[in-house]
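User: Could you take me through this structure step by step, as I have not seen it before?

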Amino acid sequence: MKVMAHKAAKKQYAVIGMGRFGFSVANALSSMGFDVLAIDSDEHSTQAVSNIVTHAVTADSTDEEALRALGIRNFDVVVVAIGEDIQASILTTLILKDLGGPLIVVKAQNELHGKVLNKIGADKVIFPERDMGLRVAHHLTSPNILDYIELSDEYSIVELKATKAMFGQNLKELDIRARFGCNVMAIKRGTKMNISPAASDKLADGDILIIVGEKSDLTKLELAYSEE
Ligand code: ATP
């Protein structure tokens, strides 16, 4: 185990697994000014991140003693970003859970992996490839969909760019709730965010609607506004 670099300290994050995802999380947290401990069993991966994060350590996260020695319990959040080696990901999560302390966020490789992680007590299970795939697909099928966020098996949120057909119309005239069963939660206009839009609020070119609804209803809405 080798501590390879130093930087300023703030909130404590640890990221285990410096694959593309883990690296990206560690890098982003670090650039936001947070204190990040990066852990990887492969020394080359640790080296690659050593001048970006506060500490970079070469260690096997399935070794309880190694995690204990790193004082992992004192961190606020631990992100487990081990993908391919599902067994190592599960074991690491179990050990972290046993040690107690930080919020445990784990990247899942597939649905079954995700189920196991939830069962053993991961606080948050994330599916980056699946979620990004969904977002890209929705944007491709309907270019006016700028973002798509899955809330549950049934519900999602979409960011829809106002189309020509909407310009000059207010929310009452658009009647998205009655036509599609979806709710307009907010309207973004430039840097301003209207988080309690009124029925009389008129839409203009450049507006972005943030809409929540059942997935099937949102799909109908996406299709209805897909042609521009
Ligand atoms: P990505 O898609 O984000 O690039 P991935 O999902 O393919 O990554 P892997 O490449 O399997 O994930 O693993 C990510 C990193 O985790 C690798 O750098 C690997 O060395 C590290 N790793 C795997 N097992 C362990 C372990 N037991 N302890 C610490 N690091 C580990």
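User: Across which strands does helix α1 lie, and at about what angle does it run to β1?
Analyst: Helices (H or I, at least four residues) and strands (E, at least two) are DSSP runs, numbered from the N terminus. Helix α1, residues 20–31, lies across β1, β2, β4 (77–80), β5 (103–107) and β6, with contact meaning heavy atoms within 4.5 Å. Axes are lines fitted to C-alpha atoms, for helices over the stretch in contact, and angles run from 0 to 180 degrees between N-to-C directions; to β1 the helix runs at about 165°.

User: What should I know about how the model was made and counted?
Analyst: This is a predicted model, in which local features need pLDDT of at least 70 and side-chain atom pairs count only at pLDDT 80 or more, while totals for chains, interfaces and linings use all residues. Residues are numbered from 1 along each chain as its sequence is written, and side-chain values use heavy atoms, leaving out hydrogens and water.

User: In what order do the six strands of the open sheet stand?
Analyst: Two strands pair if DSSP finds at least two bridges between them, and here the pairing is parallel. The edge strands, each pairing on one side only, are β3 (55–58) and β6 (124–126). The order is β3-β2-β1-β4-β5-β6.

User: Which residue in β2 stands opposite Ile-16?
Analyst: Strands β1 (residues 12–16) and β2 (residues 35–40) run parallel and are joined by five bridges. Opposite Ile-16 stands Ile-39.

User: How far from an oxygen atom of the ligand is a polar side-chain atom of Lys-107?
Analyst: A polar contact is a pair of N or O atoms within 3.5 Å. For Lys-107 the distance is 2.9 Å.

Technical notes. Polar contact = N/O pair within 3.5 Å; in protein donor to acceptor, adjacent residues only side chain to side chain.
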